[in-house]
Amino acid sequence: MEHHHHHHVHPTPDMQKLNRSFIVGIVLNIVFVLAEAGAGFYYDSLALLSDAGHNLSDVVSLVLAMFALRLSMAKPSLQYTYGYKKSTVLVSLLNAAILFVAVAVILYESVEKFSNPTPLDGGAIAWVAAIGIVINAFTAYLFFADKSKDLNVKGAYLHMAADTLVSVGVLVSGIVIKYTGWNVIDPIIGIVVGLVILYSTWHLLQESLRLALDGVPEGIDIQKVETVLSSDPDVLNVHHLHIWAISTTQTALTAHIVVKDITHMHEVKHRLKHDLQDLGIEHATLELELKEEHCDGHCDCCEEQQGCDSDTQPYL
């Protein structure tokens with residue numbers, strides 16, 4: 001067995017740039033949360049308070065994401081042979097959970113106030129929301145370039161992009177209240193805020209949970225990986241194939257490869273690992289076997305060349 005680490009061929013985030021982006025985003029959003037919460041209490045606006053609460057959860061999320069990215073750069077140790085790279089996955093899952101709690105609070109408060117709307121200053125609400133649009137949109141822009149390179153960064157981007165839309169909704173409610181006096185629009189916007197957050201967070205929760213359970217990362221097709229490995233002219237069979245995420249940006253694989261002979265073993269490994277890099281898998285551990293070998297007593301899948309029986313699936 002050979003455990004070989006490749007340099008990443010897929011784009012990875014610029015850590016220094018991301019660190020600056022997180023700091024700027026955190027500072028801006030803390031200032032805005034304080035201003036928006038103060039305005040919400042002063043004008044008794046649920047739309048402003050719910051949006052401030054969501055923005056506060058975003059500040060926490062940004063802090064956690066920045067912390068996880070810094071941990072992911074820590075060197076491996078004897079106890080943590082991959083370092084703390086998995087922390088990025090755990091933080092993504094935690095951020096999704098925080099957002100779901102925020103949604104529950106927003107929806108509960110909105111329903112409560114829906115039956116008893118109070119008079120509000122629509123003009124003030126609109127002005128605060130307009131400031132929120134600028135801050136949220138700018139913060140989202142900070143993460144736009146790297147959102148496809150890391151799940152944590154994608155989460156930060158989605159949070160801030162959703163907040164921008166939410167602030168637009170609050171702006172609309174303020175204008176409606178100012179010119180119509182229809183105060184019930186405030187809890188209605190609160191409900192819309194909750195639903196928008198829920199929708200934008202659902203995929204983040206799914207993918208974070210998948211990676212936390214060592215599932216195959218999104219964008220990696222295990223059937224395609226098996227086909228690519230099996231298509232090598234010197235490969236007879238692939239089994240015991242496992243793919244999981246080391247972090248939100250790095251993917252690992254282990255597999256047993258049945259080869260025709262061991263004469264060109266090193267060349268076969270080199271080709272296979274190069275093919276895996278093209279599929280987004282940077283860390284590969286391949287065990288090469290001959291047709292006559294058995295798989296550590298599990299079954300005769302190496303000998304039969306057809307994979308294991310129904311009780312021992314080849315890549316589960």
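**Close-up views of a helix pair and a cavity**

**View 1. Helix α3 passes helix α5 in a left-handed crossing, a term used when the near helix is turned anticlockwise from the far one by less than a right angle.** The model is predicted, so local features need pLDDT of at least 70 and side-chain atom pairs count only at pLDDT 80 or more, whereas totals for chains, interfaces and linings use all residues. Residues are numbered from 1 along each chain as its sequence is written, and side-chain values use heavy atoms, with hydrogens and water left out. The axes of α3 (residues 87-114) and α5 (residues 151-180) come within 9 Å and cross at roughly 25°; the two helices are therefore roughly parallel to each other (angles under 35 degrees).

**View 2. The contact of α3 with α5 (heavy atoms within 4.5 Å) is made by residues of both helices.** From α3 come T88, V91, S92, N95 and L99, and from α5 come L151, N152 and H159. By class, three of these residues are nonpolar, five are polar and none is charged.

**View 3. The structure holds one cavity of 30 Å³ or more, a cavity being a set of points on a 1 Å grid where a 1.4 Å probe fits but cannot get out.** About 40 Å³ of space lies in the largest cavity, which is lined by S61, A65, S92, N95, L151, N152, G155, A156, H159 and L204 (an atom within 4 Å of a point). Two or more lining residues are given by each of α2 (46-72), α3 and α5, and the largest share, five residues, comes from α5. The lining divides into four nonpolar residues, six polar and no charged.

How values were computed:
Axes fitted to C-alpha atoms, helices over the stretch in contact; angles between N-to-C directions. Helix = DSSP H or I, 4+ residues; strand = E, 2+ residues; numbered from the N terminus. Parallel < 35°, antiparallel > 145°, perpendicular 65-115°, else oblique. Nonpolar A, V, L, I, M, F, W, Y, C, P; charged D, E, K, R; others polar. 1 Å grid on protein atoms, 1.4 Å probe; cavity = no way out; pocket = protein on both sides within 12 Å on 5 of 7 lines; lining within 4 Å. Points joined across faces, edges and corners; volume = space filled by probe spheres on them.
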